[in-house]
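Please view the model alongside the text.

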Amino acid sequence: MTLADRWREARVPVAGLHLDSAACSRQSNAVIDAAATHARHEAEVGGYVAGEAAAPALDAGRAAVRLLAGLPDAEVVFTTGSNHALDLLLSSWPGPRTVACLTGEYGPNLIIMAANGFEVRLLPVDETGRLRVEEAAAVLRADPPALVHLTVLGSHRGVVQPLAELAAVCRELGLPLAVDAAQGLGHVDCAVGADVLYTSSRKWLAGPRGVGALAVRPDLYRRLTPRWAPLELHEANIGSRLGFSLALGEHLAAGPAEVRRRLAEVGALTRSVLAEVPGWEVVEPVDEPSAITTLRPLDGAEPTPVRARLIAEHAIITTACEVVRAPNEMDRAVLRVSPHVDGAAEDLQRFAAALVAVSS
């Protein structure tokens with residue numbers, strides 16, 4: 001049985017066509033059951049007793065985050081998602097508040113940086129939005145920021161950033177590197193030993209919504225003024241954290257390298273099928289090793305109403321990415337297509353036909 005077959009078998013049948021894993025993947029039946037079972041256990045023995053009983057499973061989830069982040073000794077804190085994790089990190093930051101990031105930095109991240117008093121410095125990129133590593137190294141060496149921040153895979157474009165190369169530069173220069181792996185963990189290799197990595201559960205790892213993780217290298221953790229201890233003890237959605245932990249386990253059991261290979265294959269298939277759709281241009285190179293494909297309208301189609309019509313008329317789920325997702329890089333909205341490992345040619349051909357129908 002193939003990875004795609006196992007993925008489909010582990011889930012309820014999709015009602016339509018799901019091409020939106022970069023927004024929210026489909027949880028497995030086992031992940032859904034884990035959260036529901038914990039809710040029943042809370043009703044049976046009380047929330048705090050059930051929470052204590054869940055500790056070993058939650059520890060296993062933290063261990064999986066450490067493994068996928070390449071941070072074997074990291075402090076791992078569960079959060080409500082990636083934005084929450086970044087806000088916790090930056091609001092706990094000691095000393096100077098300057099951060100270097102990409103031109104295509106995620107819009108909500110920029111808002112969180114500004115809200116926490118961080119001055120943003122943009123790093124050089126090429127015409128695809130990919131970091132120019134050597135130029136960036138020179139910029140960082142000449143005027144070191146307090147923090148380097150890299151979104152390894154953007155929300156608005158399926159271009160994989162050179163994370164390992166930037167991590168090596170930051171180690172050489174003694175600069176802390178924080179990685180936004182919301183689109184990266186479970187999708188591309190993030191185990192480069194950055195100083196900080198944070199992620200969401202609901203995207204490529206296919207866990208529940210409303211939960212994520214923040215992993216911090218111990219020496220940096222000791223320098224912070226942490227704001228998150230109460231979140232680990234009191235108002236926590238333990239059921240969602242258990243579901244996330246199980247989803248991490250499922251990813252490890254499937255084989256991260258095999259998942260990455262399959263997602264790259266699905267991405268190449270997606271871009272090949274969609275390359276000839278009239279009125280739309282595929283943004284990424286066909287062999288970009290990600291499963292995110294963005295389509296730029298050429299003839300005046302508006303991605304937001306197109307998305308709505310795809311749902312209403314064809315039961316096909318995609319994402320319309322507006323300019324606010326990357327305000328320093330985008331000049332118009334795009335349509336994002338992101339099948340998971342079960343993506344198939346016939347599904348993409350069905351989508352292509354539907355896209356032509358709703359774009360006219």
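Domain 1 (3-27 + 255-359) and domain 2 (29-254) each supply at least three residues to the lining of the largest pocket. The model is predicted. The space in this pocket comes to about 330 Å³. Its lining counts 22 residues. Those nearest the centre are Tyr106, Gln183, Ser200, Arg202 and Lys203. By class, eleven lining residues are polar, six nonpolar and five charged.

In what order do its seven strands run? The order is 2-8-7-6-5-3-4, in an open sheet with mixed pairing. Strand 2 (75-79) and strand 4 (119-123) form the edges, and each pairs on one side only. On average, neighbouring strands are turned by 20° against each other, direction ignored.

Ala178 has Val196 of strand 7 as its bridge partner.

| Helix | Strands touched | Angle of directions |
|---|---|---|
| Helix 5 (residues 82-91) | strand 2, strand 5 (147-151), strand 6, strand 7, strand 8 (212-216) | about 150° with strand 7 |
| Helix 11 (residues 238-254) | strand 2, strand 7, strand 8 | about 125° with strand 2 |

Strand 7 is touched by helix 5, and helix 11 touches strand 7 too. Strand 5 and strand 6 are among the contacts of helix 5.

Definitions and conventions: Residues are numbered from 1 along each chain as its sequence is written. This is a predicted model: local features need pLDDT of at least 70, side-chain atom pairs count only at pLDDT 80 or more; totals for chains, interfaces and linings use all residues. Side-chain values use heavy atoms; hydrogens and water are left out. Two strands pair if DSSP finds at least two bridges between them. Helices (H or I, at least four residues) and strands (E, at least two) are DSSP runs, numbered from the N terminus. Axes are lines fitted to C-alpha atoms, for helices over the stretch in contact, and angles run from 0 to 180 degrees between N-to-C directions. Contact means heavy atoms within 4.5 Å. On a 1 Å grid over the protein atoms alone, a cavity is a set of points where a 1.4 Å probe fits but cannot get out, and a pocket is an open set with protein on both sides within 12 Å along at least five of seven lines; lining residues have an atom within 4 Å of a point. Grid points are joined across faces, edges and corners, and a volume is the space filled by probe spheres set on the points. Ala, Val, Leu, Ile, Met, Phe, Trp, Tyr, Cys and Pro count as nonpolar, Asp, Glu, Lys and Arg as charged, and the others, Gly among them, as polar. Domain bounds come from an automatic or database domain assignment.
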